[in-house]
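Please read the following alongside the sequence and the coordinates.

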Amino acid sequence: MSGVWVFRNGVVRLVENPTSGAAAAASGKRKALLHTPSGEVVASYASLERKLAALGWERYYAAGGGGGDGGMLQYHKRTSVDLISLPKDFAHFGSVHMYDIVIKNRDAFRVIDA
């Protein structure tokens with residue numbers, strides 16, 4: 001995982017390699033999230049949500065009906081302070097999000113080259 005850390009509007013985020021999506025796909029740098037117990041590559045949020053629920057993760061909704069979620073899906077575990085934040089559009093689900101899931105579920109997920 002390489003890139004540049006950018007600080008903008010009080011938020012720090014990793015901007016991955018500045019190559020275009022087409023160039024990254026052509027060079028084989030696309031990543032995928034693998035659910036290790038089943039050997040299944042996660043291809044949708046529906047699939048990911050089922051796997052996270054089985055591990056004790058619950059969808060987190062902001063107070064007041066979720067109006068201020070900022071375009072994110074969030075999951076939390078009652079037994080920890082961890083929070084997983086993902087973009088609502090699966091097309092924007094990138095390696096940074098995948099590694100966040102892996103770090104918080106080491107035995108259940110792995111990031112692989114797609």
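Three strands make up an open sheet, ordered β5-β6-β7, with antiparallel pairing. Helices (H or I, at least four residues) and strands (E, at least two) are DSSP runs numbered from the N terminus, and two strands pair if DSSP finds at least two bridges between them. The edge positions are taken by β5 (57-59) and β7 (83-87), each of which has a single partner strand, so one side of each has no neighbour in the sheet. On average, neighbouring strands of this sheet are turned by 30° against each other, direction ignored. The model is predicted: local features need pLDDT of at least 70 and side-chain atom pairs count only at pLDDT 80 or more, whereas totals for chains, interfaces and linings use all residues. Residues are numbered from 1 along each chain as its sequence is written, and side-chain values use heavy atoms, with hydrogens and water left out.

Strands of a sheet pair through backbone hydrogen bonds, either parallel or antiparallel. Here β5 and β6 (residues 72-77) run antiparallel and are joined by three bridges. Arg-59 has Tyr-75 in β6 as its bridge partner.

Helix α2 (residues 45-54) packs on this sheet and touches β5, β6 and β7, where contact means heavy atoms within 4.5 Å. The direction of α2 makes about 175° with that of β7. Axes are lines fitted to C-alpha atoms, for helices over the stretch in contact, and angles run from 0 to 180 degrees between N-to-C directions. Helix α3 (residues 95-104) lies across β5 and β7, at about 160° to β7.

The protein chain as a whole has three helices and eight strands, which follow the pattern β-β-α-β-β-α-β-β-β-α-β along the sequence. Of its 114 residues, 27% are buried, meaning under 20% relative accessible area (1.4 Å probe, protein chains only). Among contacts between residues at least 6 apart in sequence, 43% join residues at least 24 apart.

Methods
Buried means under 20% relative accessible area, exposed over 50%, partly exposed in between (1.4 Å probe, protein chains only).
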